[in-house]
Amino acid sequence: MMSAEGATEAGRQAPPAGGEAVPTPGRAPLLARIPDIAPLVVLLLALGIFFAIKSPFFLNYDNFLNVLTAAAIAGIIAAPATLLLVAGQFDLSVGSALTFCGVLMAYVADKHGLAAGIVAAILGGLLIGAINGTLVTVVGVNPLITTLGTLAAFVGLARVIADGQTLPLNGFGGLGTSRPLFNIPLPVIVFLVVVGVFYVLMRYTVFGRAMYAIGANPVAARLAGLRTGRLLFISFLLSGLFVALAALINVSQLGAASTNAGNGLELSVITAVVLGGASLAGGRGTIIGTLFGLLVIAVLNNGLTLLSVNSFWQDVARGTLLILAVSFDQLRLRFAVDT
Amino acid sequence: MSDTPFQLSARGIRKGFGGVEVLHGVDLDATGGSVLALLGENGAGKSTLVKIIAGDYQPDDGLLTIAGAQRTSLTPPQARDLGIRMIFQELADAPTLTVAENISLGRWPTRRGLVSWRAVKRRAAEVVEQLGVDLDLDAPVGSLSVGERQIVEIARALSDRARCLVLDEPTAALSSQEAQRLFTFVRRLRDQGVALIYITHRLDEVREIADRVVVLRDGNVALEADTGSVTREQMVSAMVGRSLGEVRRPVDVHQPPVDATPALRFDGAALAGEFDGVALDVHGGEVVALYGKLGSGIAEVAECAFGVRRLSAGRMELDGKAMSFRQPWDAIAAGVGFLPADRQREGAFMVRSVAENLAAPSWGPLSRRGFLTADREATAYRRWHKELNIRSRDDPRQLLATLSGGNQQKVLLGRWLERQSKVLVLVEPTRGVDVGARQEIYRAIRALAASGVAVLVATSDYEEVVQLADRALVMGRGRVVAELADQEITTQRLTQEVGG
């Protein structure tokens, strides 16, 4: 829905230079050759320099790991979210799904053991993905509304299961807190591996290519022989699966499953993805862009904390960043069509 | 209308975008009570020129004299005040509102600050009366045909004191019946003293509707003349800068052997509400045209051949085997390729690269265990880039949106070359493609057929049928009404068979 509208919108704005002039052979215009990611790298460096000057605690290895650890949970979820947005889809239910999977894990583990808890969490994530996927691809509900619905439903369900309490979980600290390599926390390693997997998936597989095509023009994608419905369904499943993984890490880090664990997570994820250059109109975006988007948010939060800025301001900063990123996306869309 | 006739004259209009000048000092005159046809290929500068007249763009140089007022540039409100209205190709109406509401759209009459629905209705009734058209004022505009919606837009302009009406390719999406109706309105408006500027690709329309014609080429006026004193050939050569000659039959007409199994066959095929009892054969090596107006069922037959829709009755065979495609991928796997009518909406991935656009249906065969590198796509693109004479940078990563319409179409045609389709179904393959590129696309299609591919072309353009087809089926109201062999395919015969 989003992507189809976006596509026609872009088409309608076709100006004389693009719509009329026959392009002459030659090199791409200079501006078009600057990688999309360049402004983000500049922003990240600027933030880094700023905080390094302002705080003596910013520029060291441990704090660097802190930044990455803070980005890990959102990052593991942002990878499939990038895939979805590239295909013109959204998943707002990720925060709620994380809470649900965590609570399910702790609840089942308490009764049937850790292994059963892990399986339950993964099945829970896949279930949410399947529900979202079915509603979007089979029933044809707008993904924004679909996942807004599942967002509300599953956080509620989590609170029903936990009876509103935080469920403690012992003996499951390894995934969230161990540091197997160069003192790097395992969640960070998992996060970077997930990013690597999605990098390959989106760049070098037919599946990844297909997602870009669907985002660029879903009707044309079907007419080019892509099984659009099935592919989108799989993407929603992937989103659910990686949310479950993130939930396991989250529970392990906290040693408990909180019914507030995933609150507002969808905002962080979408902000990072959009900041990373994925177009809301679909068809454009990269996982490397998302990685930098995540780092910008994490550095900003980390720096503001080090400067002892009231944590409520972090929410303000994150919201502002999202709006700036979306505005930038609009401007870029206009510019891309103009050249 | 007022007493002195409306007069618009543009002198020495220049306009550039990003350092590239697209209008090099153009003159244009439009007079109340006459129709001016503005001709030119894509990129000739037609749209830029009329957008300057409508105030959407400011010229870099030149003078506009409109109804006595001299201006070096206009803003959109100023142009409105001077009575200039544009009707764009793409409808700019509000589909969920009624005809009456649309006619007053944006300037609803009010009474004490509240919208007076009675006045809305009265104004709509007046203008509809003036146009002499029969429209249900309470019907939502979305429920009307494209032609009727266009008339609603004209009615809106008219009720808003239009003195100069610019129509941008208004018949592009109309059946010839609807087009005729539109011409009636255009003439009526002309007789009421409105100045009309009529932008078109179609040369036969110029003769039919316009008093004067201006041909733009590469940002210059290439020809200005009374339509009575100019030949079709003169207009064509002014447009393309060289003579293209008559609409000619292909010289290599293919005659399939009598007992050959057709590559594609329909027998008693029907789609409820769209077509019925359709029988057709297309052999390898042959181009068969399915000619008819919009709504005659040609596009629907084509869609059934590709699994976009499913036949509700009858048989479809591929190489003698009964087939029933549930979805396009079934058809592609069986060796069928498809070029949709609306390139922008149904064919192109505008924000993706030319290589991806060309390779998309072949991703499966090009990949190894689901893995695919950009190199293999680029190789596939380079394979067809020269062959199809796609004019672009030699860069497989170039975005499709940066190519001209004709070259985009060649990329989409290349999809099925790469996929090695045995049956190709093309719907309106040269819609929105300029004259020069059109010939190249015809050549590519003929060459494809010569290599053994069976080609079915569904088109509402009879010149296309004459230039392209070995055989032609004419459809009307969902049925095949005539089948024409080689020598019978003439523009006269086609227009005659399809009916008035």
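This short talk describes the helices and sheets of chains A and B in the structure above.

Good morning. The model is a predicted one: local features need pLDDT of at least 70, side-chain atom pairs count only at pLDDT 80 or more, and totals for chains, interfaces and linings use all residues. Residues are numbered from 1 along each chain as its sequence is written, and chains are lettered from A and ligands numbered from 1 in the order in which they are written.

I begin with chain A. It holds 16 helices and 2 strands; helices (H or I, at least four residues) and strands (E, at least two) are DSSP runs, numbered from the N terminus. Of its 339 residues, 51% count as buried. A residue is buried if 20 or more other C-beta atoms lie within 10 Å of its own, exposed if 12 or fewer, and partly exposed in between, with C-beta atoms placed from the backbone. Among contacts in chain A between residues at least 6 apart in sequence, 80% join residues at least 24 apart. Two residues are in contact if their C-beta atoms, placed from the backbone, lie within 7 Å.

How do two helices of this chain pack? Two packed helices are described by the angle between their axes and the distance between the axes. For helix H5 (residues 61-86) and helix H15 (residues 287-306) of chain A, the angle is about 140 degrees and the axes are 8 Å apart. Axes are lines fitted to C-alpha atoms, for helices over the stretch in contact, and angles run from 0 to 180 degrees between N-to-C directions. H5(A) and H15(A) are therefore oblique to each other. Angles under 35 degrees count as roughly parallel, over 145 as roughly antiparallel, 65 to 115 as roughly perpendicular and the rest as oblique. The residues that make the contact include Ala70(A), Ala74(A) and Ala78(A) of H5(A), and Leu294(A), Leu295(A) and Ala298(A) of H15(A). The contact residues divide into 11 nonpolar, 7 polar and no charged. Here Ala, Val, Leu, Ile, Met, Phe, Trp, Tyr, Cys and Pro count as nonpolar, Asp, Glu, Lys and Arg as charged, and the others, Gly among them, as polar.

Another helix of chain A deserves a word. In helix H14 (residues 265-275), 10 of the 11 residues are buried, so it is largely enclosed by the rest of the structure. Among these buried residues are Leu265(A), Glu266(A) and Val269(A). After H14(A) comes Gly277(A), with a positive phi near 105 degrees.

I turn to chain B. One open sheet has 4 strands in the order S2-S1-S4-S5, with antiparallel pairing; two strands pair if DSSP finds at least two bridges between them. Strand S2 (20-31) and strand S5 (69-71) stand at the edges, each with a single partner strand, so one side of each has no neighbour in the sheet. On average, neighbouring strands of this sheet are turned by 15 degrees against each other, direction ignored. Within it, strand S1 (residues 7-17) and strand S4 (residues 61-66) of chain B are antiparallel and joined over 5 bridges, and Ala10(B) stands opposite Leu64(B) in S4(B).

Which strands form the other open sheet, and in what order? There are 6 strands, in the order S6-S9-S10-S3-S11-S12 of chain B, and the pairing is mixed. The edges are strand S6 (84-87) and strand S12 (220-226); each has a single partner strand, so one side of each is left without a neighbour in the sheet. The twist averages 20 degrees from one strand to the next.

Is S10(B) mostly covered or uncovered? It is mostly covered, since 6 of its 6 residues are buried. Ala195(B), Ile197(B) and Ile199(B) point one way, while Leu196(B), Tyr198(B) and Thr200(B) point the other way. S10(B) pairs with S3(B) in the parallel sense over 5 bridges, with Ala37(B) opposite Tyr198(B). S9(B) also runs parallel to S10(B), joined by 5 bridges, and Cys164(B) has Ala195(B) as its bridge partner.

Strand S13 (residues 264-271) and strand S14 (residues 275-282) of chain B pair in the antiparallel sense over 5 bridges, and Ala269(B) stands opposite Val278(B). The hairpin has 3 residues between the strands, and Gly273(B) takes a positive phi near 80 degrees. Thank you.
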